[in-house]
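This briefing sets out selected features of the structure shown below.

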Amino acid sequence: MPTKDRYDVVIVGAGAMGLASAYHLIDRRPELSILVVDARAGPGEGSMGASAAMVRDVFSSSDNRQLAQSSIAFYRHLMDEHEELQGPSPLLDLYGYLWLLPERYLNEYRDLVRGSGGALDARMIELSDLRSCPGLDPTPARWFEGDTAAPPDAIAGGLFGRNCGAVAPEMLANFYFAAARARGVEFAFDLWAQRLSFEGREGLLLHEPSKLPYSFQDHVEGRLRIARVVFGDGTSVRTDRVIVAAGAWAEHLLHPVGIATACSPRPELLFSVSGREVDRLLAWTPPVDPIDAPAGRPRLPFLILPTGATMKPIFGEQRIWIGAVDHVAHPIGTREDPATESGLDYRADRLGDREAFATDVLPAVTPYFPGFDTTGLRLERSWGGYYHFSPEGLPVLTEEACGVIFIGGDSGSGVMKADSIGRLVAALYDGACEARLFPGGAYRLDRLSLHRRAVEEERIIL
Ligand SMILES: Cc1cc2nc3c(=O)[nH]c(=O)nc-3n(C[C@H](O)[C@H](O)[C@H](O)COP(=O)(O)OP(=O)(O)OC[C@H]3O[C@@H](n4cnc5c(N)ncnc54)[C@H](O)[C@@H]3O)c2cc1C
């Protein structure tokens, strides 16, 4: 529970973005009293804990690319600095992404690499080089038995991204948590931030019984500021700066005080499978040259099929995690209803809809890997979290005159950009116009704002 009655700033959410924000804010402003609250029992237990936690810099948007490259470089730097992050299972493992591409995307991806002027460490792979992939059928004849639609696109080649791989989310969360706490940031877990309140601010007129301000005060400069954060257990702390890094649940806190985010949460699922076909695929030595290759041998990369289905190798466990971004099978919105639950009853396993594996996911995989039918595969576990989608697939970072900073809109790639985002949030809090990325380079903060947004749409969302 919070130990003080008042903090300079309260961060709501100890997920990827809230943790990195706390870390960089205390680094930049060591004198601040900072409280981080999270409804979960520990750091990184929201969507971050449900995530595939992959990292890549292959994005169509140069903003996403910069944010990811800076974060990946910083995660590698952390490993170099801290021996405990090097192994036995490392914080960052850049074993690569392999996009299996149909003809119509080959040129687009080729142009992306060329157009990056060397910023992207990626290369095209010939179809003939992919033929050694066990179980892969590059030219599927149908979606599934009995379906009459035209078959899915044939694979015409591939793109291998080298500055791509996996991060260990619990290691990352624990690093930020421990480092921020060691510098004086206070954390309160199992604590639900119920509402942002204007109550108690001197001179501010509030309606009864809603306790919301008379709206004319919006035009009185400096009057309309948040005064406290009220928790689900009825307690509260005073503050006049709040950073909302609440992921998919941000709107529950922001909409009641009139703050729009333009973002929407959607459940996204992962399925852990094992079996004969998984073993065969994991044994493949692919014709690629990853940055990290223990014993000098390339391993199965993270595979992206033309249908958008993804396959993440879990080395040492003989498992693969399968996912497929879903825009239709599960409606927009969080399944939890904090208003009636007076807390956050989020359970990753409960979101994991096992039936969706057969109905929505396998049909996107089996045309290319026919052995991944029910006989070659065991479904061991399913779970889910949320993607918090922004309209263009890039993060949203806004500051409201009432003292609230909102960061969200991860669009399914928030772990791989979290460090940069933390830098941006700290700079925005400090009144700066730009932030320094890692290891160098400036990034203008208003590019991600809602009012002066200047980003191109991201086309590669996995
Ligand atoms: C299936 C799946 C696969 C994914 N794969 C990847 C991937 O490969 N790579 C990648 O980079 N990203 C991936 N993501 C996305 C990634 O999980 C998110 O981008 C990331 O977690 C966003 O971080 P966040 O801090 O905004 O949200 P979260 O990690 O969800 O953190 C928000 C925190 O806020 C807390 N909270 C919310 N409201 C309140 C409140 N009112 N009071 C107190 N606490 C509150 C929650 O408990 C939570 O801990 C995936 C997500 C899913 C679901």
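Among the 43 residues around the ligand, those that come nearest are Gly13, Gly15, Gly46, Gly247 and Gly414. The model is a predicted one. The shell around the ligand draws at least two residues from each of H1, helix H2 (47-50), strand E14 (264-274) and strand E18 (378-389). Of these elements, E14 and E18 also belong to an open sheet of 8 strands, and H1 packs with helix H12 (residues 418-429).

**Ligand shell**

- By class, the shell comprises 25 nonpolar, 13 polar and 5 charged residues.

**Sheet of 8 strands**

- The strand order of this open sheet is E6-E7-E5-E15-E16-E17-E14-E18, and the pairing is mixed.
- Strand E6 (122-126) and E18 are at the edges with a single partner strand each, so one side of each has no neighbour in the sheet.
- On average, neighbouring strands of this sheet are turned by 20° against each other, direction ignored.
- E14 and E18 run antiparallel and are joined by 11 bridges.
- Leu270 has Trp383 as its bridge partner in E18.

**Helices across the strands**

- Helix H4 (residues 103-115) lies across strand E5 (97-102), E6 and strand E7 (155-161), and runs at about 135° to E5.
- Helix H11 (residues 355-365) lies across E14, strand E16 (309-314), strand E17 (319-324) and E18, and its direction is at about 95° to E17.

**Sheet of 3 strands**

- A further open sheet consists of 3 strands in the order E10-E11-E12, with antiparallel pairing.
- Its edge strands are strand E10 (193-197) and strand E12 (236-238), each of which pairs on one side only.
- From one strand to the next, the twist averages 20°.
- E10 and strand E11 (residues 228-231) run antiparallel, joined by 4 bridges; the bridge partner of Ala193 in E11 is Phe231.

**Helix pair H1 and H12**

- Two packed helices are described by the angle between their axes and by the distance between the axes.
- Helix H1 (residues 16-28) packs with H12 at an angle of about 50°, and the axes are 7 Å apart.
- H1 and H12 are therefore oblique to each other, and H1 passes H12 in a right-handed crossing.
- On the H1 side, the residues that make the contact are Ala16, Met17, Ala20, Ser21, Tyr23, His24, Leu25 and Arg28.
- On the H12 side, Ala418, Asp419, Ile421, Gly422, Arg423, Val425, Ala426 and Tyr429 make the contact.
- By class, this contact of H1 with H12 has 10 nonpolar, 3 polar and 3 charged residues.

Conventions
Residues numbered from 1 in each chain as written. Predicted model: local features only at pLDDT ≥ 70, side-chain atom pairs only at ≥ 80, totals over all residues. Axes fitted to C-alpha atoms, helices over the stretch in contact; angles between N-to-C directions. Parallel < 35°, antiparallel > 145°, perpendicular 65-115°, else oblique. Left-handed = near helix turned anticlockwise from the far one by under 90°. Contact = placed C-beta atoms within 7 Å. Nonpolar A, V, L, I, M, F, W, Y, C, P; charged D, E, K, R; others polar. Pairing = 2+ DSSP bridges. Near = placed C-beta within 6 Å.
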